[in-house]
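Hi,

Here is the structure I promised to pass on. Have a look at it first, and then read my notes below.

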Amino acid sequence: MGDRRLVRELAVLVALKLVVIGLLWWGFVRDARVDVTPASTAAEMAGGARHDIQGATEYGQ
């Protein structure tokens, strides 16, 4: 019977984690949007400006 209890407890924990992740997504990510235009896509594919961690701009890499 100990195995069944363990499986039940693990299933409840996984379900709770999924609920928490869903609530976090609903609260913080749901309304986030990324605007993609043909011009921005073309610039990205053509190797436009790249930013390194410090924010300096490198061109052509």
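Let's start at D31, which is exposed, with a relative accessible area of 58%. Keep in mind that this is a predicted model. The side chain of D31 meets that of R30 in a salt bridge, 4.0 Å from N to O. R30 is partly exposed, at 30% relative accessible area. R30 also lies over the face of W26, 4.0 Å from the ring centre.

That brings us to the rings. Searching the whole structure turns up 1 aromatic pair. The partners are W25 and W26, tilted at 55° between the planes and 6.2 Å centre to centre. W25 counts as partly exposed because its relative accessible area is 43%, between the 20% and 50% cut-offs.

Both tryptophans also belong to a nonpolar surface patch of about 680 Å², together with V20, L24, F28 and V29. L24 sits in helix α1, which covers residues 2–28, and is partly exposed at 47%.

E9 is partly exposed at 37%, while R5 is exposed at 51%.

How far can you trust all this? The chain's mean pLDDT is 83, and 75% of its residues reach 70 or more.

Cheers

Conventions. Residues numbered from 1 in each chain as written. Predicted model: local features only at pLDDT ≥ 70, side-chain atom pairs only at ≥ 80, totals over all residues. Heavy atoms only, no water. Patch = residues over 30% accessible without salt bridge, like charges linked within 9 Å, V, L, I, M, F, W, Y side chains within 5 Å. Areas by Shrake-Rupley, 256 points an atom, 1.4 Å probe, with all protein chains shown as cover. Helix = DSSP H or I, 4+ residues; strand = E, 2+ residues; numbered from the N terminus. Buried < 20%, exposed > 50% of the residue type's maximum accessible area, 1.4 Å probe, protein only. pLDDT = per-residue confidence, 0-100. Phe/Tyr/Trp six-rings, centres within 6.5 Å; stacked < 30°, edge-to-face > 60°. Lys NZ or Arg CZ within 6 Å of the ring centre and 35° of its normal.
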